[in-house]
Amino acid sequence: MNPYLQNILIGSLILGFATMEFVSGRYRTTVKASGNDTKLELVIFIALVAIAQPIALLTTNFLCSTFIPEARGALSDLAWWKKAIILLCADDMVQYWYHRISHKRFLWPLHRAHHSARYMSIRMTYRGNLFYFLLMPGLWLSGVLVFLGFGQVFIVYVVIKQAVSLGAHSAWRWDERLYQIRFLQPLMWVLERTISTPATHWAHHAVTEKDGVGNYTGNFGNLLFIWDVIFGTARITRKYPEAVGLKDDYLFGEEKWTDQVLYPLSRSNREHSALRPGGAAYADD
């Protein structure tokens with residue numbers, strides 16, 4: 001698989017999930033996005049594709065070519081399944097821990113933009129802060145692995161990861177009907193403990209944990225949910241929270257998109273804001 005085919009497949013996944021959001025009626029009835037939301041999501045998507053990813057991949061390639069040129073392609077002959085396991089650990093497990101740590105005071109301002117959406121949809125899958133993505137360790141480690149010869153496996157891996165991530169954020173809850181099919185229960189039991197699903201990931205975006213469904217202090221997995229199972233942060237209910245987003249935004253209004261995308265270069269003036277010096281941090285802190 002080449003990068004062009006990868007982009008076509010990811011584009012097709014986005015189009016497919018978007019179509020299901022509209023066909024199911026879920027987008028019309030649940031996604032109440034403001035102009036501020038649209039600007040935030042559009043700008044960060046462009047910045048992720050045009051700035052964060054190229055910087056990480058090109059910089060790691062430059063540094064590796066400069067300091068360890070003899071290592072280029074050194075692991076090319078490694079079996080594909082071994083490469084897949086290494087990628088899952090170096091990228092997805094590392095992202096689990098990065099995500100988990102980002103719910104603490106120090107990194108929370110860089111991550112809160114992803115949680116500030118009051119809806120779930122594929123449109124907010126990549127919603128975030130530019131520096132959150134630039135500091136994402138899995139992205140830089142992946143660049144090193146590509147230099148070492150993981151190129152082809154990495155391309156396939158990215159497509160699979162994006163499929164799961166888009167599905168977990170989608171307004172169309174693809175797992176909901178499957179839970180109701182009796183003969184699929186054993187399969188769903190395994191699936192919901194292996195990969196992120198709408199039920200488990202929506203719970204992570206919940207406004208509250210008091211309903212027994214929300215789990216914003218857990219369910220951190222991106223591709224694999226099994227990291228939450230292993231590290232004790234999983235909550236599986238097969239239910240969906242009544243509301244998603246952030247309590248402080250409901251109370252004090254949404255933050256400007258520039259403050260969310262460009263913090264700390266742009267700081268909020270809103271009272272009780274995590275995006276200002278001395279502001280309120282996340283509830284988990």
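Predicted model: local features only at pLDDT ≥ 70, side-chain atom pairs only at ≥ 80, totals over all residues.

Trainee: How is the packing of two helices described in general?

Mentor: Two packed helices are described by the angle between their axes and by the distance between those axes.

Trainee: Why is helix H1 called roughly parallel to H7?

Mentor: The axes of H1 (residues 3-23) and H7 (residues 137-169) cross at roughly 10° and come within 10 Å. Angles under 35 degrees count as roughly parallel, so H1 is roughly parallel to H7.

Trainee: Which residues in H1 and H7 meet?

Mentor: From H1, the residues include Leu9, Ile10, Leu13 and Phe17, and from H7 they include Phe154, Val158, Gln162 and Leu166. The residues of this contact of H1 with H7 divide into 12 nonpolar, three polar and no charged.

Trainee: What makes H4 roughly perpendicular to H7?

Mentor: Helix H4 (residues 80-101) packs against H7 at an angle of about 105°, with the axes 9 Å apart. The range for roughly perpendicular is 65 to 115 degrees, and therefore H4 is roughly perpendicular to H7.

Trainee: Which residues meet in the contact of H4 with H7?

Mentor: Among them are Trp80, Leu87, Asp91 and Tyr98 in H4, and Leu141, Phe150, Tyr157 and Lys161 in H7. The residues of the contact of H4 with H7 divide into 16 nonpolar, four polar and four charged.

Trainee: How much space lies in the largest pocket, and how many residues line it?

Mentor: The largest pocket holds about 1100 Å³ of space. Its lining has 38 residues, and Leu48, Gln53, Leu139, Val158 and Gln162 lie nearest its centre.

Trainee: Which elements give two or more residues to the lining of the largest pocket, and which gives the most?

Mentor: They are H1, H3 (35-67), H4, H5 (108-115), H6 (130-134) and H7. H7 gives the most, with 12 residues. By residue kind, the lining of the largest pocket divides into 18 nonpolar, 17 polar and three charged.

Trainee: Where does His103 lie, and is His103 buried or exposed?

Mentor: His103 is in the loop between H4 and H5. The relative accessible area of His103 is 0%. Buried means under 20%, so His103 is buried.

Trainee: How many residues in sequence separate His103 from Asn269, and what is their distance in space?

Mentor: His103 and Asn269 are 166 residues apart in sequence, and in space they are 22 Å apart, C-alpha to C-alpha.

Definitions and conventions
Residues numbered from 1 in each chain as written. Heavy atoms only, no water. Axes fitted to C-alpha atoms, helices over the stretch in contact; angles between N-to-C directions. Helix = DSSP H or I, 4+ residues; strand = E, 2+ residues; numbered from the N terminus. Parallel < 35°, antiparallel > 145°, perpendicular 65-115°, else oblique. Contact = heavy atoms within 4.5 Å. Nonpolar A, V, L, I, M, F, W, Y, C, P; charged D, E, K, R; others polar. 1 Å grid on protein atoms, 1.4 Å probe; cavity = no way out; pocket = protein on both sides within 12 Å on 5 of 7 lines; lining within 4 Å. Points joined across faces, edges and corners; volume = space filled by probe spheres on them. Buried < 20%, exposed > 50% of the residue type's maximum accessible area, 1.4 Å probe, protein only.
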